[in-house]
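Dear colleague,

Please find the structure below, handed over for your reference. A short account of the findings comes after it.

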Amino acid sequence: MVSQTHAPRKPEIPSASELKKRHAAQAAIVHVKDHMTVGLGTGTTSAFFISLLASHAREKGLTLRCVATSDASAYLARASGLTVVNFEDVKSIDLAVDGADQVDGRKNLIKGYGGALAREKVVEYAARKFVVIADDSKLCAHLDKPVPVEFIPFAKAAVQNSLSALGAKSVRLRLGSDSEPYRTDNGLWIFDADFGKITGPAKLEGLLGAIPGVLACGLFSQNVHSVIIGTQKGAKEI
Ligand code: 5RP
């Protein structure tokens, strides 16, 4: 009889970027208190936070309610053992924690590369405290990445024209892996509009949000309480 031996499974070594995201997510746990209603963001950094939050709540015996900004985050949170309720069923959000695609020194953000910008804005602007968690590659002097803009497909041409009129150098319709227009959880489409260096994020956010047919844009210039930047060695809060 041949006996089989199995080599022990090698522990997975996190990449440098994963480590930084995890450090940022871990440092946000200090903001969590018993009986809070917590807004959960979307994306890889938020996924770390959701898992750590679930472990923390279990270890400390905390009673938490969570509101998710995407179907994916709701699924992950429930699978991790967290209680997820509908946004319409909560009176207030005590704390929201979410990642970002770009952060400047004044706590302005570009968000939405994960496609959840509208629900993120609704939940995070409603939160008493909104904490951003990001790895240090997201920090910049001036926002200059393309800004996601979620809109109703009916208004595609009109929204595209308005974005160009507001100074967008390029306006790209986001596509999914099937090469069809990417559909958000709201069933809408996204343009990624490149404005180059953004000198007035609050003003541009207002202008983009006012375009008829636009649901939300990925510029976030309000309500950020703090930004936690994850580095290889740990995290710093700004
Ligand atoms: C999703 C978002 C994310 O927070 C943003 O894209 C950052 O994602 P990641 O943590 O994966 O880098 O805005 O809509």
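The following paragraphs describe the salt bridges and then the nonpolar cores.

The model is predicted, so local features need pLDDT of at least 70 and side-chain atom pairs count only at pLDDT 80 or more, while totals for chains, interfaces and linings use all residues. Residues are numbered from 1 along each chain as its sequence is written, and side-chain values use heavy atoms, with hydrogens and water left out.

Side chains of opposite charge can pair when their charged atoms come close. A salt bridge here is a side-chain nitrogen of Lys or Arg within 4 Å of a carboxyl oxygen of Asp or Glu. Searching the whole structure gives eight salt bridges.

One of them joins the side chains of Asp71 and Arg119, at 3.5 Å from N to O. Asp71 lies in helix H3 (residues 71–80) and Arg119 in helix H4 (residues 117–126), so this pair ties together parts that are 48 residues apart in sequence. Helices (H or I, at least four residues) and strands (E, at least two) are DSSP runs, numbered from the N terminus. Asp71 is partly exposed, at 47% relative accessible area, and Arg119 is likewise partly exposed, at 29%. For these terms, buried means under 20% relative accessible area, exposed over 50%, and partly exposed in between (1.4 Å probe, protein chains only).

Another salt bridge links Lys111 with Asp98, with the closest N and O atoms 2.8 Å apart. Lys111 is in the loop between strand E5 (109–110) and H4, and Asp98 is in strand E3 (residues 93–98), so the pair ties together parts 13 residues apart in sequence. Both Lys111 and Asp98 are buried.

Asp135 and Lys138 also meet through their side chains in a salt bridge, at 3.4 Å from N to O. Asp135 is buried, with a relative accessible area of 3%, and Lys138 is buried at 13%. Through shared partners, salt bridges join Asp98, Lys111 and Glu120 into one network.

Turning to the cores, a nonpolar core is a set of buried Ala, Val, Leu, Ile, Met, Phe, Trp, Tyr and Cys residues joined through side-chain atoms within 4.5 Å. The largest has 27 residues, of which Leu40, Phe49, Leu53 and Ile133 touch the most other members. H2 supplies the largest share of this core, seven residues. Apart from this core lies another, of 22 residues, including Val147, Val159, Leu163 and Leu208.

Yours sincerely
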